[in-house]
Amino acid sequence: MRFLLIIPTVFILVTTVFVLMRATGDPITAALGGRLTPDQLAERIHAAGYDRPILVQYVDYLGAVARGDFGTTLSDNRPVTQVLVTYGSATLELAVYAVIVAIVLGVPLGMLAAYFRDRWPDAVLRILAIFAYATPVFFAGLLLKLVFAVGLGWLPVAGRVSTDGEIAMQQAHATSGFMLVDAIRTGQPWVVVDVLQHAALPATALGLLTAGVFLRLVRTNMIGTLGREYVDAARSRGVRERRLVTAHAWRPALIPIITVVGLQVAMLLVGAVLTETTFEWRGLGFQLAQYLQARDFVAVQGIVALMAVVVAVTNFLVDIVAALVDPRVRY
Amino acid sequence: MARIEAGKLPVVRQLRQSVGLQRGMLVAGLVLTGLFVLVAALAPVLAPYGHSQLRDAAGPFGAQEPPSGRHLLGTTVGGYDVLSRVIFGAQTALLVVIASILASIVLGVALGLLSGYFGGWLDRVLVLVADAIYAFPSLLLAILGAIVISGGQSSLASGVGATALSITVVFVPQYLRVVRVEVLRVKGEAFVDAARVIGTGSWRIMTRHVLRNAVRTLPLIVTLNASEAILTLAGLGFLGFGIEPTAAAEWGYDLQRSIADVTSGIWWTALFPGLAIVVVALGMTLVGESLNDLADPRLRTRVRAASASTSPSTVAEDAR
């Protein structure tokens, strides 16, 4: 039953996006309203089929989406699907870096905070986590940029790779869109370093935000399991404190953590949109901001619908993973 | 139940209850939030210039001027005084927070009551939609809201209204879910049955008996949502979907304009609006977190159980 629930969810999301976007009128008037004469406008609207009854358009749209066709952008006349594929890889890459940063920072620190519950390491860590939450990811990005890129000059200001690196990739015919993969395929270590240098600041900005969430999550759940009898029992058997935390209390705490981490995918995507804009990281978010400014609502509709579906599907997968980790949960 | 009745002023009660670090966090949060409200209320008195003022008696301000005696925090790329925009930004933020939370409470509580009390197909549809929207990336939803409501940018009154409503769209499902779960619980209690037995109408039972008992978890959500509203507002502004600079000062918009400044080493246009966001969001988060931790342990387990049990309960309903 759980498996079938994903279908109405995706359906509702796509419908919500359609209804909201079309509540304002047709996208052609929105994009070109001031620039064309009413006659030209009417002609374009007719050609694109936006003068048909809204229900017909809706059924048409659903059918197209089911075939994987999200329409064609108005501002640069590209299939939305192509935009999604081209820039989606960049966003995915950034999200993966950020999750790595978040896990490396958040999980051990959360364990530490739980172990030292209500003592000073806990206090410091919790306040840091709240700071991480309260700082908008784009402000964190701007600060990092100000200090490490402009002030100290250690890291590049923006972009995903330098021009030289890009040329090296093209010469090696490495154009998968995943910069790190492409850099490794060139076989030249300096390209890999170049790509990692570009990724460092955006990944840190987005990763810090997520790390704060992970820290709190791990702390809360570990406190729950650290207080159980079997942990005391293990301690009385002479199990070392370090192992108590990392082995005995950790696994039961993992189940709720996985569930909530799944919910963070939405936050991660929103964060990626803002981070990409800050660092001119040419991914879906950067592109979304461009299309928003151009009032290209066909493109916006496609990107937003895709992101919503990605989130819904991830949440669904997370439920399955949680069931695999926890033998008690069975769907 | 008696403890809840005694806590007519939730914050005061919890302040007395708290000790040590938790008290420190709560007090710090209250001080920061109080400061924010004060600055917002007194903005016209505190700010040296207007939020969209470009010149004074001594001539034009000039763009990207570093901090000086005339402009304590410098001027922006558009030639506005940074300090004045930071101060007036508090006003905009406060208005948006209040408007969005009020609207969310009204809509969310009403829908949650209807959904929980009457159940049936209405309940199923509302829960399904709320669950779908709950998983929607919040800022994207707010962007869609902003496009629908105002077609993008607008003046102060309509801009604040549109932004607040866009944020409301994000919050309503949360209130609906919480209120609905509480309504379902309260509905089964003896005093509701008793009221029905003596012939009380549905409307009166809902407003008198159920509503009062179902909304007591709301203060916690409100404090946590307040900081989320601030961050969503800033995110909207940062993506260029906020309030026009001539209509009102908005921190997110100012930060967006400062991206290019940062690259050329101009730090004051980014630093101060950003710090303002951090301070306000921090204050509200501290209050929300502390209240959450201090809340009645029974209440806390119930809140957690409510959010964790959503997916199984939907499954159960679906299977029925």
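A helix crossing is left-handed if the near helix is turned anticlockwise from the far one by less than a right angle, and right-handed if clockwise. This tour covers a predicted model, in which local features need pLDDT of at least 70 and side-chain atom pairs count only at pLDDT 80 or more, while totals for chains, interfaces and linings use all residues. Residues are numbered from 1 along each chain as its sequence is written, and chains are lettered from A and ligands numbered from 1 in the order in which they are written.

Begin with chain B as a whole. Its secondary structure comprises 16 helices and 2 strands; helices (H or I, at least four residues) and strands (E, at least two) are DSSP runs, numbered from the N terminus. Of its 320 residues, 49% are buried, a residue being buried if 20 or more other C-beta atoms, placed from the backbone, lie within 10 Å of its own.

Next, select residues 82-118 and 268-294 of chain B, which are helices α5 and α14. They pack at an angle of about 30°, with axes 10 Å apart; axes are lines fitted to C-alpha atoms, for helices over the stretch in contact, and angles run from 0 to 180 degrees between N-to-C directions. That angle makes α5(B) roughly parallel to α14(B), the class for angles under 35 degrees. The crossing of α5(B) with α14(B) is right-handed.

Display the residues between these two helices. Val82(B), Val86(B), Gly89(B), Ala90(B) and Ala93(B) of α5(B) meet Trp268(B), Thr269(B), Phe272(B), Pro273(B), Ala276(B) and Val280(B) of α14(B); contact requires C-beta atoms, placed from the backbone, within 7 Å. These residues divide into 9 nonpolar, 2 polar and no charged, where Ala, Val, Leu, Ile, Met, Phe, Trp, Tyr, Cys and Pro count as nonpolar, Asp, Glu, Lys and Arg as charged, and the others, Gly among them, as polar.

Now move to chain A and select α5 (residues 80-115) together with α14(A). Their axes come within 7 Å and cross at roughly 130°, which makes α5(A) oblique to α14(A). Val83(A), Tyr87(A), Gly88(A) and Thr91(A) in α5(A) meet Leu284(A), Gly285(A) and Gln287(A) in α14(A). By class, this contact has 3 nonpolar, 4 polar and no charged residues.

Finally, show both chains. In the interface, 46 residues of chain A are in contact with 45 residues of chain B. On the side of chain A, α1(A) supplies the largest share, 10 residues. That side divides into 34 nonpolar, 8 polar and 4 charged residues.

Technical notes: Angles under 35 degrees count as roughly parallel, over 145 as roughly antiparallel, 65 to 115 as roughly perpendicular and the rest as oblique. A residue is buried if 20 or more other C-beta atoms lie within 10 Å of its own, exposed if 12 or fewer, and partly exposed in between; C-beta atoms are placed from the backbone.
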